[in-house]
Amino acid sequence: MSSNLSRTPRHVLVIVASTRPGRLGPAIADWFVQAALPAATASGVTLDIADLADIGLPLLDEPEHPSSGTYVHEHTRSWSRQVAAADAFVVVTPEYNYGMPAALKNAFDVLYHEWAWKPVGFVSYGNTSAGTRSVQMTKQVVTTLRMLPIGATVALRIAESINDGQVLQSAGLDESARRMLLELSRVASAMRPLRTEPDGEVAGVAGPVDGLRLTMAQPDDLAELLVLQRCCWVQEALANDTLDLSPLRETLDELRESMSTWQVWCVRRQGRLVAAVRARAHERAWLIGRLMVAPDQAGNGIGSWLLSYVEQQAPQEETAYYELFTGHRSIHNIKRYERAGYVLTHDEDVPHGSVRLTKQRQPAAFVM
Ligand SMILES: Cc1cc2nc3c(=O)[nH]c(=O)nc-3n(C[C@H](O)[C@H](O)[C@H](O)COP(=O)(O)O)c2cc1C
């Protein structure tokens, strides 16, 4: 089992915690990525930088508790997708007044399940304490979110390790970055089974049949999702007499890439992936796609339940209508969507062989 796990690609998100103009954070994150890259490449790990200054999250502005996974703002959804797609984190953090930067605390607070059961390493920097007091404070926060701080650590004293805004060349420091990367990768593999436990469940969503578990898709779901998708689109290929359907042709890498622009939800029954759907906001529309239910689970009400759930995830203020596409000969699908209140809507830009269906969003009832 462990050899399979170690071959599975891992994705590490390097988070730049400082946001002020003229900060050191980006240069230190760049150094870490360069120093860790050979070890990452050799062990099948990809690295990406998330700079909180570019991401620009407002102070927690979501009405629902983050554990609900219900986000009304696109900035939160986008951050959610980025964090959910990671298997492990490196936090590059300074120390401000013996503590963590406020932007980092906020970036943690706005999400919940996306962080859980993933390891985190720290690259800290500062004056005499080299940022270690900031790390101690951050550990208290990350463990609450069910992340696991690893033992390997990099702590830079600015006066000794940084010159002219850059990390000084040092074989010792490069080695500490390499060790952190390898430890993160090992721990991420070991923690992987924890991420399939019910804690990732979207809170308070009762399904039409027993034993369903609805979660936001994680990187570990993707291979199984691709198999389910191909299986489900065989019917579409037959109905529309074409194999030229993107859900059939899509590769695992393309599916992984799509997670940065779509929110994806998975439904498992007794651990097995039985349904999925994805959605994203597009102007005034909440675009719903890839609604799929395993053929042997069809007729259980799972598709209608999932469609209704994903409609409820639409941003409240921005969404005027729901929109989806299906094959023009997918009579079964079209009927099912019409039963759910969708109407066929003419649009010249609809791809050849497809039809567009829309449904007006009912504004939420105002309760005094
Ligand atoms: C608001 C503020 C508070 C700071 N407090 C500390 C501190 O408590 N301990 C420390 O070692 N350095 C402290 N420093 C100095 C920082 O370590 C140093 O400015 C570092 O470059 C900050 O990271 P940044 O450039 O990425 O923002 C502080 C700097 C700022 C701006």
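The structure holds 6 aromatic pairs, where rings of Phe, Tyr and Trp (its six-membered ring) pair if their centres lie within 6.5 Å. This is a predicted model, so local features need pLDDT of at least 70 and side-chain atom pairs count only at pLDDT 80 or more, while totals for chains, interfaces and linings use all residues. Residues are numbered from 1 along each chain as its sequence is written, and side-chain values use heavy atoms, with hydrogens and water left out.

**Rings and charges**
- W79, F89, F108 and W115 come together as one aromatic cluster.
- R133 lies over the face of Y98, 3.5 Å from the ring centre; that label needs NZ of Lys or CZ of Arg within 6 Å of the ring centre and within 35 degrees of the ring normal.
- Over at W262, the charged end of R278 sits over the ring, 3.9 Å from its centre.

**Helices α5 and α6**
- Helix α5 (residues 102–109) packs with helix α6 (residues 132–144) at an angle of about 5°, and their axes are 11 Å apart.
- α5 and α6 are therefore roughly parallel to each other (angles under 35 degrees get that label).
- L104, K105 and F108 of α5 make the contact with T138, V141 and V142 of α6, contact being heavy atoms within 4.5 Å.

**N240**
- You'll find N240 in helix α9 (residues 222–240).
- N240 counts as buried because its relative accessibility is 10% (buried is under 20% relative accessible area, with a 1.4 Å probe and protein chains only).
- Leaving out residues up to four places away in sequence, N240 touches G327, H328, R329, S330 and G353.

Key:
Axes fitted to C-alpha atoms, helices over the stretch in contact; angles between N-to-C directions. Helix = DSSP H or I, 4+ residues; strand = E, 2+ residues; numbered from the N terminus. Parallel < 35°, antiparallel > 145°, perpendicular 65-115°, else oblique. Phe/Tyr/Trp six-rings, centres within 6.5 Å; stacked < 30°, edge-to-face > 60°. Buried < 20%, exposed > 50% of the residue type's maximum accessible area, 1.4 Å probe, protein only.
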